[in-house]
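Hi,

Here is the structure for you to look over. My notes follow below.

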Amino acid sequence: MLAKTLSKTFGLSFDAQPAAFTWAVSLRIWKAGFSPRGASAPHLYYNNEMRRTAAVFAVFALALALALASREPQTDSRLKHATRRAEQNGWIWVHLEGSPSDIGYQHGYLLASEIRDTLQTVSLEMTHDEKKDWQFFREKAQSMLWPHVDAEYRAELQGIADGAVAHGVKLDVWDVVALNAWLEMSYFDKWDARQHDLPSPSATPEHCSAFVATGSYTTDGRVVIAHNNWTSYQTGERWNIIFDIAPAQGNHFLMDGMAGLIHSGDDFGVNSAGMMITETTISHFTGFDPGGVPEFVRARKAMQYSASIDDFARIMKEGNNGGYANNWLVADRKTNEIASLELGLKNVTLNRTRDGYFVGSNFPVNEKLVREETDFDPKNSSDSANARHARWLQLMEQNKGKIDARAAERFLADHFDTFENKVDPDERTLCGHIDKSPRGALPWAGPYAPVGAVQSKVSDAAMAEGMTLRAALGHSCGIGFKAAGHLSKHTEFAWERPALRDMPSRPWTTFSAQ
Ligand SMILES: [Zn+2]
C-alpha cells in the first residue's frame, strides 16, 4: 500500500524479491497466458510460431535465472565476514567488515528489507515536511553533496545500493545518498528559501537529550555517556539497528543507527580508540554552506577515525557545511576527559574538562552563536530546551558522585517538568512525550504530534573498553504509544498512517562488538 502510494507519487520502485525469483515468477505468469509485464496481451494463442518463441524465451529465461543463481549473493565472498543476528527487543545487530565497498554491500544485502522500509518512511516524511518531491532530494544528493563525499564513503554508499539491489530492492545510489542526508536537508531548504526571500518550508527539528560526565560526578571517577533520540515516532521506530563495523582503515566502532545510513544519525557510538560520542541539535539554527562536506560524512569519519578529542573536533570542523548543527558531547575513556563541541557554522566552541559534566537538550550555549545563528530565546523557561536544561542541572548536582550507567538510564526516563514544577511527561521532560502535549514543541512539532523520545543508549568507560553499550527502544520510561488510537483522535496526522506503527517501551538490552 505504502509502496504503491510512493511509487505513484515519487516514482520510487520497490521490488520485494531477488532478480532471479522475479524472473521465475514472470515466466510462470507468461506461460499461463499473460505477457511478462501483464499489460497488453491477456491471451496468447499457441500457434507454432509462438510455441517456438515461447520455447526460445523459456530457454533464455532459464539460462538467465541460472546465471543469476550462480552469482547467488548468499555465497558472495563479500558476505563472508558479515553477520546479522536475530532481533533482540526490537534491535537488529549486524557486524560488517572489510573494504568500504564490502561493508556497503554487506549492509545493503543484510538489511535490504529494512532499507526499503526506512526509505519509504523517510521519503514520506521529507516530502511532506519539506514540500518537495523525492526527485528533488535525489538531485541534490547528486549535484550538491556527492562532489564533497570522500572516495571511501562513495564506495560504501554505492555498495549499499548494490547489496540492496542484489537482495531485491529497487533503488540506486542517489536514493541512498539522499537518505543519508535526510537530517541535514531541512537546513539546506531553510538556507535556500532565504536566498530567494521565500518563507521557510519547515522548521529544523530539535533532537534529543544527552549528557556526559566524569571525575567527581561519577561513581568510579571515569566517564559516563547517555543519550535519548527525539524524532517523529514513525522514523524513530526504525532507528533500531546496532552497527558493529570493523573497517579495513580506521577504528572498529559500535553505534546505533538506521538501515541504509553510513552514520549513526542520532549519533551515539564508541570506538576501539577509546572515543565515546553523542550530541543534541542546536535549536532554531539557521545556516548552511552548499559547498561544504555533508554532515553525515563528517559524523561518520569522526566515529571511525577519532582517537582523541582533538581528532574529533578537527574532523567535524573540516569542511563544516552547517547541516544538522549539533552540540557534540564526547569522551575519551583513555584520559577520562570529556568535551562539548558546539558546532555552529560561524561560531564553533570547544570546551573540555576532566572533572565535571556537559549536558545537551538542544539549547545553544555560546551567546554570540545564539545571536548570530539562531532565533532562540534563552530566557523562555517554558521552552522545551530550557526546561530540560534546568532539569539536567538539577540531576547532575543531586547525583554528584553517584552517576553511573544505571543512574543514566533513570535520567533518560525522567518526567519532571521544571516549568510546571511537577512530574508530567510532556515536551519539556527529558523523556519527551510531545504526543501528550496540547502545546507541542513549536515551531518544530505541533500539539499532540507523534514525536518525542524514541530510543535511548548509555555507556561508561568500563563498557566502552569492551566495546559495549546498552540500548532501549521506544520510550525507556515504560509508556508505550498506540498509533491507531492517536490518529483517530488527531486526524491532522493521518498522512502518517501508512508508516506510523505502535511504539512499545522495550527493556534495556546490552550489545557488544564481535
Ligand atoms: Zn517517558
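Strands β5 (residues 241–247) and β6 (residues 253–257) pair antiparallel over five bridges. Strands pair if DSSP finds at least two bridges between them. Helices (H or I, at least four residues) and strands (E, at least two) are DSSP runs, numbered from the N terminus. Phe243 has Met255 in β6 as its bridge partner.

This is a predicted model: local features need pLDDT of at least 70, side-chain atom pairs count only at pLDDT 80 or more, and totals for chains, interfaces and linings use all residues. Residues are numbered from 1 along each chain as its sequence is written, and side-chain values use heavy atoms, without hydrogens or water.

The open sheet has nine strands, ordered β1-β2-β5-β6-β7-β8-β9-β10-β11, with mixed pairing. β1 (83–84) and β11 (348–353) are at the edges with a single partner strand each, so one side of each has no neighbour in the sheet.

Now the helices. The axes of α6 (residues 134–145) and α8 (residues 173–180) come within 8 Å and cross at roughly 90 degrees. Axes are lines fitted to C-alpha atoms, for helices over the stretch in contact, with angles from 0 to 180 degrees between N-to-C directions. Residues of α6, including Phe137 and Leu145, meet residues of α8, including Trp174 and Val177.

Val177 is also in contact (heavy atoms within 4.5 Å) with Ala141, Leu145, Trp146, Leu157 and Phe296, leaving aside neighbours within four places in sequence.

Best wishes
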